[in-house]
Amino acid sequence: MFDTVLKNGVIYDGSGGPPLRGDIGLRGNAIEAIGDIGEAGEAEVIDVGGLAISPGFVDMHTHSDFTLIADGRAESQVHQGVTTEVVGQCGLSCAPVCNHGDIRHVSPWYTEHDHPKWLGFGQYLDALENTALGVNVMAFVGHGTVHRAVLGNELRAGEPDEVEEMARLVDEAMDQGAGGLSSGLEYWPGIMAAPDHLVPMCEVARKHGRLYATHVRNRDTQYDLGFAEALATARQSGAKLQISHIQPKFGAPDYAMEHTLEMIDVARRHDVDVAFDVIPHDWNNTLMAAILPKWAQAGGVDEVLKRLANPEDRARIKANPKPMWLIVKAEKWSDIVLLKSDANKELVGADLAEIGRMRNCHPYDVVLDLLLEDGQNMMNVFWASKSFQDRDVELCLQQPECAVISDTIAAASDGILKDAVGSITGYGWAARFLQYYVRDRQVLSLADGIRRITAVPAERLGIKDRGRLTRGARADICVFDPEAITSHATAKQPRRYATGVAHVLVNGKFAMRDGQRQPVNAGEVLRH
């Protein structure tokens, strides 16, 4: 009857309710039975006594669009119990593109190697399906990528007929399996878009019954304008809104998070369908080029590099009164760390004040020099700053609809991605959440903590057969020790795998067994 039985575990089904002590019987890629199974017949029986059995973790906000093409094993995610990722966030997606040469310009963490080529969104999903995936993958289509497909690198948001063409491309991507639409309104080219440009695309998402996820325009001094814009776009279009990594940034008033939640509550009472998620740490990670004002990002990489080499343009960039990070304007350089630079790998993990001393120049000039030195790969230079507040994360977690996300990439400590880093806690975000906020701080119970990274995101995404341990659901399962699960990632050593996870099953197959990664990659592409 069963292929595998997980015996004597403490079962957390993802609902947030009290756990059940018992067994789970698996057959093929699905859960066949839950409870006291008794005789297992010829099934392989694995005693997991004392360990928690939960649904595999669903990371609903990642940027693994291209890293999974380069190396689909998703080692950093599987080691901490993640079984499903949702890529294409913050307006960044690998498709659609007008030609194969554009793939590198729209793909986050692009890696130069012999990879499959695509144009349309469906072709990109085909490329993923032809990759051995360690996790299941759902992909959103990004507004920024669609904008580029229509307008290239022009410094404008688009006329009505051009916006109509963008909406058509979004509709086409939805027909081909995109799980939703995303925007990144602090990034080029999303920074130029207003609700008038976004609403037609969000109406397409509403028509297909899919999410609109947004990285809002501003989360610091004018946080209320940024969140109000997102709510207004959802209200006008009727789309389901997911506010990505909602916590305010450095420069926001102390009451910003509380006020934002009040705004959301009012919008809900007037029938706006809105939810949100948080990153479970105080580090804010992003691409370094986002610090450049929009005029400096126009025209493509070659034009940006010319400006970075021009003393007058550099002075104008540094004088920008509203950089994406106000922590830069405040010159808190010791709270900003270099995460990734192909040209300066030896500096990764160092803070900008330290690098400035090493180079005997002002840290802001270090920033511009680092971008210049990476040349054509400047869009792959990443940094992190201590721009979030723990109290804001806790306040969000007190809201039952709040999901927890990584905002990172799937990577590996070996192979083509051995130098790739998506965030300081990318190798341990889920482990840190369960370790720090659940076990150590007891902000949430273990049952509710598991719910935030399983059923909450799965239900919001419309994934019906994952995120819960129920009979007939896909056998995406994480077995871990709640007292031992630990993140080991630090700014200096971000590529250390989490520990405390005993077994991970993806579609019924062991990706992790007895704490060891198995040579099995059973993930699937989840076309909506």
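Select the whole protein chain to begin with: buried residues (under 20% relative accessible area with a 1.4 Å probe, protein chains only, where exposed means over 50% and partly exposed lies in between) make up 64% of its 528 residues. This is a predicted model, in which local features need pLDDT of at least 70 and side-chain atom pairs count only at pLDDT 80 or more, while totals for chains, interfaces and linings use all residues. Residues are numbered from 1 along each chain as its sequence is written, and side-chain values use heavy atoms, with hydrogens and water left out.

With the chain still selected, colour by secondary structure to bring up 19 helices and 21 strands, which are DSSP runs numbered from the N terminus (helices H or I of at least four residues, strands E of at least two). The radius of gyration, taken over C-alpha atoms, is 22 Å, close to the 24 Å from the globule rule (2.2 Å times the number of residues to the power 0.38), so the chain is as compact as a globular protein of that length.

Next, select the open sheet of six strands, ordered β9-β10-β11-β12-β13-β17 with parallel pairing, where two strands pair if DSSP finds at least two bridges between them. At its edges lie β9 (141–142) and β17 (403–404), each pairing on one side only.

Within the sheet, select residues 180–184 and 211–215, that is β10 and β11, which run parallel and are joined by five bridges.
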